[in-house]
Amino acid sequence: MASQQAKKDSTRTFILEDEASESKIVGFYTLTMTPVDLKALPSQLQKKHPSSISGGLIARLAVDERYKGKGYGEWLLLDALKKLLQASDSVGFPIVIVDAKDGAKHFYEKYGFTTFRDAENKLFITIADIRSSLD
């Protein structure tokens, strides 16, 4: 599926291979763009970005069960955020969005993501916050 979506220029998927066995995938993430409903954002962001219509999307981020609890999820998330930050330097967008699977919301909150007002498992972080935390 990742290959098909990449050929259509819909998404980009990045994988982390097991160093000991390149045939094993530790985890992966998929990036794309998504429309943004400004009304679902806090008022200060609505005022700051009144004409913004899209954001970066971490469409998928997963770690194989065999590798969970070893910091790979954090590594994948930080790598995804770095790539989206680089993209925002060329094509401006103010936020990164993630639709957290059940039980994953707290993982993203640890890294500064905030829940949308209208969707419990939909979270965002601003590009400005990513830039300040990675510098």
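Modeller: On a 1 Å grid over the protein atoms alone, a pocket is an open set of points with protein on both sides within 12 Å along at least five of seven lines, and lining residues have an atom within 4 Å of a point. This is a predicted model, in which local features need pLDDT of at least 70 and side-chain atom pairs count only at pLDDT 80 or more, while totals for chains, interfaces and linings use all residues. Residues are numbered from 1 along each chain as its sequence is written, and side-chain values use heavy atoms, with hydrogens and water left out.

Biologist: Which residues of the lining lie nearest the centre of the largest pocket?

Modeller: Leu61, Ala62, Val63, Lys68 and Ala104 do, out of 24 lining residues. The pocket holds about 440 Å³ of space, a volume being the space filled by probe spheres set on the points.

Biologist: What makes a lining residue count as nonpolar, polar or charged?

Modeller: Ala, Val, Leu, Ile, Met, Phe, Trp, Tyr, Cys and Pro count as nonpolar, Asp, Glu, Lys and Arg as charged, and the others, Gly among them, as polar. By this rule the lining has 13 nonpolar, three polar and eight charged residues. Strand β3 supplies six of the lining residues, the largest share; strands (E, at least two residues) and helices (H or I, at least four) are DSSP runs, numbered from the N terminus.

Biologist: Why are β1 and β5 said to stand at the edges?

Modeller: The open sheet has six strands in the order β1-β2-β3-β4-β6-β5, with mixed pairing. β1 (12-18) and β5 (114-116) each have a single partner strand, so one side of each is left without a neighbour in the sheet.

Biologist: Why is the crossing of α3 and α5 called left-handed?

Modeller: The term applies if the near helix is turned anticlockwise from the far one by less than a right angle, and the crossing of α3 and α5 is assigned to that class. Their axes, lines fitted to C-alpha atoms over the stretch in contact, with angles from 0 to 180 degrees between N-to-C directions, come within 10 Å and cross at roughly 115°. The contact (heavy atoms within 4.5 Å) includes Leu78 of α3 and Ile130 of α5.

Note on methods
On a 1 Å grid over the protein atoms alone, a cavity is a set of points where a 1.4 Å probe fits but cannot get out, and a pocket is an open set with protein on both sides within 12 Å along at least five of seven lines; lining residues have an atom within 4 Å of a point. Two strands pair if DSSP finds at least two bridges between them.
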